[in-house]
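Please read it alongside the sequence and coordinates.

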Amino acid sequence: MPMPSRARRRSKSRWPLGEPPPGLFPARDDLLRLLAVVSIAAAAAAACSLLNRRPKPLCDSGGAAYTHHDSCQPCPPHGRCVDGNLECVQGFNKYGNLCIEDGLVSQTATKILLERRICDPYARALCGQPAKILFQELDILNMADELLSKGFVGLSQDGAKVAKIKVLDSARAFFEKTFSSDGVEEFKCPDLVAELYRPLTCQIRQWISRNIMSVTAFGVLFSALLWILWSIYKRQALSKRAEQIYAQVCEVLEDNAIDAKIGNSECEPWVVTSWLRDHLLVPQERRNAFLWKKVEELILEDSRIDQYPKVVKGESKVVYEWQASGSLSGKKKVKKMQGVAAGKSRADGAAGGAIKLAEELDAG
């Protein structure tokens, strides 16, 4: 019994007042420094772990190695992987473990225009000509091969293969798709696009056939309008020509009248109508009865011209005679008459001088 009592006395003397000594636990600042050191050490350890981690290799495109995706990454599209190394096909550039298109293949696929090759036959079929309008996938690939072999020699085999795939994708997006009786997918040019490829003559012919009634009515009206305009033009041209011939008739009659007044025995003051007509008209105009009829109307309206019948060489003829004392071209006619009169006076003077000279010679 005395032993427990001594132990209790020793414990009471070790923890005075029942509290631990002040230096038993670390201070608050020391605890924060410890947490900072531990955090820095943990971050450094994580960074070292990430830096030392090796990425998974790429699975071979066709080999037996790295065939399980747990131990390797799949080879990206448009790439060829050999022993974990990536090589991108032509038209694609390597960015990390990806193959990004560089535009060459797309530009090549864009330049391979299959629209005309497929829509032209359909356009001929719309115009009634025999032509193939349905194309299968193999036909499109053959067209692409033909075009690639002609103008795109810079592409490799892989690049050409990718370009053909893009051409086929574009064809599926643009052309109409149907299925044959065997279930084979076929492509056809859209109807609205095919109509744009029709030749101009075909478009005109089909438009006329669709609007035959309107075209016929327009043709009749247009022909009638042309006939009316031509008749008006022809009548005006004949009237103008008749006025020109009438002026020539007046001039001929006036000249005959002047020549007859100054004593020309070979000239008559009148002119036979038929002779005057044949003299002034060319052979082609003589067949046009309307032309001379118009000239006769103008002559009948002129009061200076007299028309009457006359027997000429035993035949009855209708003649014209200038009755006016004036002249249409006065100065010209006056000068002509003055010149004739002066010529007569000079001839009379010469005859008188010759007579006087003969008398003097006889007297001598």
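Is cysteine 81 buried or exposed? Cysteine 81 is buried, because its relative accessible area of 2% falls under the 20% cut-off. The model is predicted. It holds three disulfides and 11 salt bridges.

**Disulfide of cysteine 75 and cysteine 81**

- The sulfur atoms of cysteine 75 and cysteine 81 are 2.1 Å apart, and the two residues form a disulfide.
- This link is right-handed, with 90° about the S-S bond.
- Cysteine 75 is partly exposed at a relative accessible area of 23%, whereas cysteine 81 is buried at 2%.

**Disulfide of cysteine 119 and cysteine 189**

- Cysteine 119 and cysteine 189 form a disulfide with their sulfur atoms 2.0 Å apart.
- Cysteine 119 sits in helix α4 (residues 115-126) and cysteine 189 in the loop between β7 (185-188) and α7 (191-196), so the pair ties together parts that are 70 residues apart in sequence.
- The link is right-handed, with 85° about the S-S bond, and both cysteine 119 and cysteine 189 are buried.

**Disulfide of cysteine 127 and cysteine 202**

- Cysteine 127 and cysteine 202 form a disulfide, and their sulfur atoms are 1.9 Å apart.
- Cysteine 127 belongs to the loop between α4 and β5 (135-136) and cysteine 202 to helix α8 (residues 200-210), so this pair ties together parts that are 75 residues apart in sequence.
- The disulfide is left-handed because the torsion about its S-S bond is about -110°.
- Cysteine 127 is buried with a relative accessible area of 13%, and cysteine 202 is buried at 2%.

**Helix α4**

- The 12 residues of α4 should span 16 Å at 1.5 Å a residue, and the end C-alpha atoms are 16 Å apart, which agrees.
- Ile118, Cys119, Pro121, Tyr122 and Ala123 of α4 are buried.
- Aspartate 120 forms a salt bridge with arginine 116, with the closest N and O atoms 3.6 Å apart.
- Both partners, aspartate 120 and arginine 116, lie in α4, four residues apart, or about one turn of the helix.
- Just after α4, glycine 128 has a positive phi of about 90°.

**Strand β7 and its charged residues**

- Lysine 188 forms a salt bridge with glutamate 176, and the closest N and O atoms are 3.1 Å apart.
- Lysine 188 is in strand β7 and glutamate 176 in strand β6 (residues 176-179), so the pair ties together parts that are 12 residues apart in sequence.
- Lysine 188 counts as buried at 13% relative accessibility, while glutamate 176 counts as partly exposed at 32%.
- Glutamate 186 is also found in strand β7.
- Glutamate 186 is buried yet has no salt bridge, and the nearest side chain of opposite charge, lysine 132, is 7.6 Å away.
- That distance lies outside the 4 Å cut-off for a salt bridge, so lysine 132 does not count as a partner of glutamate 186.
- Leaving out residues up to four places away in sequence, the contacts of glutamate 186 include Leu134, Phe135, Gln136, Glu176 and Lys177.

**Other salt bridges**

- Aspartate 278 forms a salt bridge with arginine 277, with the closest N and O atoms 3.3 Å apart.
- Aspartate 278 is partly exposed at 33% relative accessibility, and arginine 277 is partly exposed at 31%.

**Nonpolar cores**

- The largest nonpolar core has 21 residues, and those with the most contacts inside it include Ile245, Val249, Leu253 and Trp322.
- At least two residues of this core come from each of α9 (212-261), α10 (273-280), α12 (289-300) and β10.
- α9 supplies the largest share of this core, eight residues.
- A second, separate core has 17 residues, among them Ile140, Met143, Leu147 and Leu168.

- Lysine 313 has a positive phi of about 55° although it is not a glycine.
- Most residues other than glycine have a negative phi.
- Lysine 313 is located in the loop between β9 (305-312) and β10 (315-322).
- Lysine 313 is exposed, with a relative accessible area of 79%.

Definitions and conventions: Residues are numbered from 1 along each chain as its sequence is written. This is a predicted model: local features need pLDDT of at least 70, side-chain atom pairs count only at pLDDT 80 or more; totals for chains, interfaces and linings use all residues. Side-chain values use heavy atoms; hydrogens and water are left out. A disulfide is a pair of cysteine sulfur atoms within 2.5 Å. Buried means under 20% relative accessible area, exposed over 50%, partly exposed in between (1.4 Å probe, protein chains only). Lys and Arg count as positive and Asp and Glu as negative; His and the chain ends are not counted. Contact means heavy atoms within 4.5 Å. A nonpolar core is a set of buried Ala, Val, Leu, Ile, Met, Phe, Trp, Tyr and Cys residues joined through side-chain atoms within 4.5 Å. The expected span of a helix is 1.5 Å times one less than its number of residues.
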